[in-house]
Amino acid sequence: MVKIYTLITAHIIGIKIKKDILDFVIKYFSGIDLFYRLLIYFSFPFYFSFFLISFFFKKRFKEHIFSSFPIINNLFKFFKVIIILRHYDNVN
Amino acid sequence: MVDYTIIGSGAGGSSIALQLLKQGKSVEIFEEGNFYNSDFFKKKKTDLLFDVWRNNGFIPITGSPNIVYSEGVAVGGTSVINGGIITRTANNIIDSWRAHHGLDIFNIKNITRNYEFNERMLNVSLANNQGNYSSRLLEIGAKKLGLSTKQAPRAVINCVNSNHCALGCPSGAKQSLDKTFLKEIVSLGGKIYSNKKLEKIFFRRNSVNEIQVFNKEDKSFFNKSIKNLILCAGPIQTPKILLKNKIIPRAHPLQFHANLKILALYPYEVNSYNSTIFTKHINEFEDDGVLMMSSNYIDPFLAAGLNNYKMQSIEYFMKNSFRGAIFNVQIKLDDSYANLINNNFLRIFFMKWKLSQKDFFKIIKYLKKLSEVIFMGGAQEIYLPINKAQPCLRLDESFKQLSISKKNDLEINSVHGMSTCSISKKIINNFISPEGRINNVSNLFVADASILPTNTGQHPQNIIMAATIELGRLKQ
């Protein structure tokens, strides 16, 4: 499920996911409190629904859709931060 | 059996342990984190998150807005990952703790003596501003606006501006507690056990007689008989231990400072990669609990700091990061607190808070002031810590964006938590005595940031250490 979250988020922000980033996100996720991990697991259907809805919009609007609704925005920001942390650590 | 078993080796644990050893008591410290050499911090930046930051740096305080709180987990506690600033809490605050909260340990003369001792042990000196261009740009802006600045007192020796403070110092310049107090503790015969986490506290009548400890190295549990137990696990972990063991019904609210970062791009190259954190402060608003300073400039964390912007803006900033700088405003929140919520049945623990209207206006006021300073320093564009904001090319644009922003739009993070087990006499039916002892338990004490009566408005490490030394003296 974390992999799908990562792939969706990376697709929205336009970052190509490598195995290294995927492994990093999984390791990061496994280190956070169980309470928050469960919250993220249970929110998956909503996140996935937004991903499906975003198909009907142009690429430049996709990020806007994800950041417009509070719960989805929190999830989106959470995964976006982890992905760009590793992405820019690899780039530089 | 040793006289005192201490949980945590951060500011509280190391200073009370040293004081007790000096008084001829025997001491052992159990620390949840590992011990790290300076060389360890040379590895990949994002990999260090897993080692030195609790929960990989993700301790959320939910509410409006959601914020992230960070603390270190290592031998030396958060001193391993902080900026090394050692400031003194204002005398009027110390005096109010003695006079209004009825706490005799906050005697200015004794606290000042402890400050001097801490500063000597930690090799505190005024930061060298040479080559630190981002700090100088802040100074230029402040001077143009007539705001006072000061060199920051830092616990460093021969800082080489590796710009890595928040992930552990790779050059060994930062005088964290593992390099100073804890070394002294070992030389005086104290024992420090790393990777050992306190799990349970067992009682016999009205005293603690045994603790259960989890050994992270071989993933096993062991029990340890104890004479006296001192909890120094920090402002969140200490009340969490007390709540999980059903020793107290509820903790006091967590008070903290809000940190907000503004990123700026200049028309010319700024050598921020070779500068360091917090060398110069704008101290004009110190009485209001506000400090402005430059911050660590590390690529992946820069990008993360721009998380509220669209990828297009992040990519643009990162491409031009050689002419960028990052500035931080630290604001004391006057009436916004986080409540610690624990449910032993469901085994959940989390923190919830609400930003008050008064504090919201205070944050907006000082964000406006900091953007003014940055533009005065010659910035071409700035990136505000607001959700869905646009990069601002002019000061009036940033004022406009700040004026229309709402509480939930703010991107806040925090590091300085305190007062969750406040020893104040003002609190009716307080569960902790002014000497730091948990009521109805004869040998269980608290000595860390959680005992402070109110928010300090300053970096709290020095006052935590000074106060816990005083608590140690009471155990003569």
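Colleague: Which loop of chain B does B:Asn161 lie in?

Modeller: B:Asn161 sits in the loop between β7 (153-155) and α6 (181-187) of chain B. Bear in mind that this is a predicted model.

Colleague: What is its phi?

Modeller: Phi of B:Asn161 is positive, about 55°, although the residue is not a glycine.

Colleague: And how many C-beta neighbours does B:Asn161 have inside 10 Å?

Modeller: It has 18. Buried would take 20 or more, and exposed 12 or fewer. So B:Asn161 counts as partly exposed.

Colleague: What about B:Asn123, where is that one?

Modeller: B:Asn123 lies in the loop between α4 (108-121) and β5 (124-126) of chain B. Its phi is also a positive value, near 55°, and it is not a glycine. B:Asn123 has 16 other C-beta atoms within 10 Å, so it is partly exposed.

Colleague: Let's zoom out. How many helices and strands does chain B have?

Modeller: Chain B comes to 12 helices and 22 strands.

Colleague: What are the spans of the C-alpha trace along its principal axes?

Modeller: For chain B they are about 65 × 45 × 45 Å. The radius of gyration of chain B is 22 Å. A compact globule of 476 residues would have a value near 23 Å, so chain B agrees with that.

Colleague: What share of chain B is buried?

Modeller: Buried residues make up 55% of the 476 in the chain. As for contacts with a separation of 6 or more, 72% of them in chain B are between residues 24 or more positions apart.

Colleague: Now domains. How is chain B divided?

Modeller: Into two assigned pieces. Domain 1 covers 4-53 + 71-84 + 87-121 + 167-253 + 418-473. Domain 2 covers 133-155 + 255-336 + 356-409.

Colleague: How far apart are the C-alpha centres of the two domains?

Modeller: The centres of domain 1 and domain 2 of chain B lie 31 Å apart. Their contact takes 13 residues from domain 1 and 11 residues from domain 2.

Colleague: What classes of residue does domain 1 put on that side?

Modeller: The side of domain 1 of chain B that touches domain 2 has nine polar residues, two nonpolar and two charged.

Colleague: Switching to sheets. What is the strand order in the five-strand open sheet?

Modeller: In chain B the order is β8-β2-β1-β12-β22, and the pairing is parallel.

Colleague: Which strands stand at the edges?

Modeller: β8 (191-193) and β22 (444-446) of chain B. Each has a single partner strand, so one side of each is left without a neighbour in the sheet. Neighbouring strands of this sheet are turned by 20° against each other on average, direction ignored.

Colleague: Which helix packs on that sheet?

Modeller: Helix α1 (residues 11-22) of chain B does, touching β1, β2 and β12 (228-231). The direction of α1 makes about 165° with that of β2(B).

Colleague: How many bridges join β1 to β2?

Modeller: Four, between β1 (residues 4-7) and β2 (residues 27-30) of chain B, which run parallel. B:Tyr4 has B:Val27 in β2(B) as its bridge partner.

Colleague: Next, β3 and β4. How do they run?

Modeller: Antiparallel: three bridges join β3 (residues 59-64) to β4 (residues 67-69) of chain B. A hairpin of two residues connects β3(B) to β4(B). B:Pro60 stands opposite B:Val68 in β4(B).

Colleague: What kind of peptide bond joins B:Ser64 and B:Pro65?

Modeller: A cis one, with omega about -10°. B:Pro65 is in the loop between β3 and β4 of chain B.

Colleague: What is the sense of the pairing between β3 and β18?

Modeller: β3(B) and β18(B) pair in the parallel sense, over four bridges. B:Thr62 has B:Lys352 in β18(B) as its bridge partner.

Colleague: Last topic, the interface. How many residues of chain B are in contact with chain A?

Modeller: 21 residues of chain B, against 22 residues of chain A. The elements of chain B that give two or more residues are α2 (45-52), α8 (299-305), α9 (311-319) and β18 (348-354).

Colleague: Which of them gives the most?

Modeller: α8(B), with four residues. By class, the side of chain B that touches chain A has 11 nonpolar, five polar and five charged residues.

Terms used. Residues are numbered from 1 along each chain as its sequence is written. Chains are lettered from A and ligands numbered from 1 in the order in which they are written. This is a predicted model: local features need pLDDT of at least 70, side-chain atom pairs count only at pLDDT 80 or more; totals for chains, interfaces and linings use all residues. Two residues are in contact if their C-beta atoms, placed from the backbone, lie within 7 Å. Ala, Val, Leu, Ile, Met, Phe, Trp, Tyr, Cys and Pro count as nonpolar, Asp, Glu, Lys and Arg as charged, and the others, Gly among them, as polar. Two strands pair if DSSP finds at least two bridges between them. The radius of gyration is taken over C-alpha atoms; the globule rule is 2.2 Å times the number of residues to the power 0.38. Axes are lines fitted to C-alpha atoms, for helices over the stretch in contact, and angles run from 0 to 180 degrees between N-to-C directions. Domain bounds come from an automatic or database domain assignment.
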